[in-house]
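Here is a short briefing to read with the structure open beside you. Take a moment to look it over, and then go through the points by topic.

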Amino acid sequence: MSAGSTPPDETPQSGRLTDGFHLVADALKLNGITTIYGLVGIPITDLARVAQTSGIRYIGFRHEASAGHAAAAAGFLTQLPGVCLTASGVGFLNGLTALANATTNCFPMIQISGSGPRAMADLQRGGYEELDQLAAARPFAKGAYRIGRVEDIGLGVARAIRTAVSGRPGGVYLDIPAAVLGQAIGADAAADTIWRVVDPAPRQSPGVAAVDRALNLLAQAQRPLVVLGKGAAYAQADALIRQFVETTGIPFLPMSMAKGLLPDSHPQSVAATRSLALARGDVIMLVGARLNWLLGHGESPQWSADAQFVQVDIAASEFDSNRPIAAPLAGDIGSVMSALLDRLPQHPITVPRQWTSELAERKAHNDTAMHRRLADDPHPMRFYNALRAIRAVLDRHPDTYLVNEGANALDIARNVIDMQLPRHRLDSGTWGAMGIGMGYAIAAAIETGQSVVAIEGDSAFGFSGMEVETICRHRLPITVVILNNGGVYRGDEVASGADPAPTVLNAHARHELIAEAFGGKGFHATTPSELQTALTEALASNEPAIVDCELDPASGVESGHLTHLNPKSAATPSA
Ligand code: ADP
């Protein structure tokens, strides 16, 4: 039977009928899903239509990876799984990149994909877009399920939601074969097969002994430090985190997506003296941050070899993954912070003056160096003077959401652009992924209704640039600022043959014309003042816009701050 946008009619024999398409939409709605990010195709086109008719917002993308990244960002911002809808085969595979990235970043999302007949795939008979999607998805997802019967749709959706948001959040794959979507079922019986998941992410408190152990350690510290990660931002326990940090007086360091959890201008922030804080801290409390590569695995020389760690995390398996954790606190950050605050009077913490003075001194020194770098005004523009102009505008619009990807565009913007509000910065994250930009920006605009500025390297923008059409079609208040130095890392590499060098793109590309092509506003800036004017105007318009910033192709460093990760060629003699 074919599904349309209205429920199937009553039949005299069996009463009112419904089908898989309607049941998926009903189950999602019942669980509070208000938006689906997707790209239609066989066999899920009618599912998008039915969902839209039922009142769910459907945002149609130009590439499934962007739809998936949007769902992941929606999950991070709302604590409800973002839903991405993909067609079978290649559509599914395109979305899988985003599912894997969401799982790695601990963002809750569900990729719902249509799939072809199992009977064909299992015997490899060469069916249309034949692929064992469930098996393909499983290694990349927190959970992967297939719904085999129309009456199991409610169960499949409930299981996907619970898996995505409980414990450590992550990406879930939900496979729905075409035959199940089209399968009929009596409407009354169907209504009994769907339900709203009760308390999908139950709170989890640590025991008193664990809390006392952590507070004892912090109370004895000479150089304590709190590191806030994006798990802390996700947890939406902003007031409790702030209360703990301010009551104890411990200096804090925000990881990039935790910027704004407490304002970057906060006197206890040591973001401007990160290296010293890590190298000298003797008791470090990690709050929703992993000791992965982004924190040098907790190893010396970046960290003191004698440093001791307190770690707050919902996933107890995270403890000891890189360094011994002297005081693990398993639980959700809100509950753990409440428990710590409750017991704090029994373990008063005083941060030694010597430590705060040492940090303040280095901070003042680094601030001066940063001001000098920003004051410099080379022409053609380079990263710092371009970002100075952007910063001047964003300082006046602290509620703007910021998306940031690239190499130098990411590394330098992270340091230059301060954040004042929680969860307002979304970036390349745990994998340092390129291509998240437009998907994250679209989700931020849809989920919050606020303006979004995406600061993009020209190479990074290319991965999802066609979504500017999606932005324009939905008239979203997103301004894409492209820091165009004409290449991957930089644009001045000399080719060794007739073709352009591997890192070279087009330093004179007029990216703003892409916005104009789809009905958005385009700006071209070659100086900081042109950039400042353009961004101010773009934000005031509340309309889709691109500001193309022409930078010196010689500005930028290969791999940004990650140059050391490139292996040296053993075959090429060094110059
Ligand atoms: P960053 O990259 O900012 O350092 P990570 O992604 O490495 O942050 O770490 C986030 C951590 O937060 C993960 O280990 C995850 O298990 C944890 N986490 C996520 N949500 C919560 C929560 N609600 N409560 C406690 N921990 C959480």
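Predicted model: local features only at pLDDT ≥ 70, side-chain atom pairs only at ≥ 80, totals over all residues.

**Domains**

**The interface of domain 1 and domain 3**
- About 2000 Å² of area is buried between domain 1 and domain 3, with carbon and sulfur atoms giving 63% of it.
- The rule finds one salt bridge across this interface.
- Elsewhere on your list to inspect, R62 and E469 form a salt bridge, and their closest N and O atoms are 2.9 Å apart.

**Helix 16**
- Helix 16 runs over residues 383–395, and its 13 residues reach 18 Å from first C-alpha to last, close to the 18 Å expected.
- Ten of the 13 residues are buried, so helix 16 is largely enclosed by the rest of the structure.
- Among the buried residues of helix 16 are F383, Y384, R391 and L394.
- The cover over these buried residues includes helix 15 (353–375), helix 17 (408–416) and helix 22 (528–541), along with strand 15 (401–405), strand 17 (452–457) and strand 18 (478–484).

**The annotated span**
- An unreviewed UniProt entry annotates residues 414–549 as "domain: Thiamine pyrophosphate enzyme TPP-binding".
- Residues 414–549 are 36% helix and 19% strand, and the end C-alpha atoms of the span lie 18 Å apart.

Technical notes. Residues numbered from 1 in each chain as written. Heavy atoms only, no water. UniProt positions renumbered as here; feature names shortened; annotations may be inferred. Helix = DSSP H or I, 4+ residues; strand = E, 2+ residues; numbered from the N terminus. Expected span 1.5 Å × (residues − 1). Buried < 20%, exposed > 50% of the residue type's maximum accessible area, 1.4 Å probe, protein only. Contact = heavy atoms within 4.5 Å. Buried area = accessible area lost by both parts, 1.4 Å probe. Salt bridge = Lys/Arg side-chain N within 4 Å of Asp/Glu carboxyl O.
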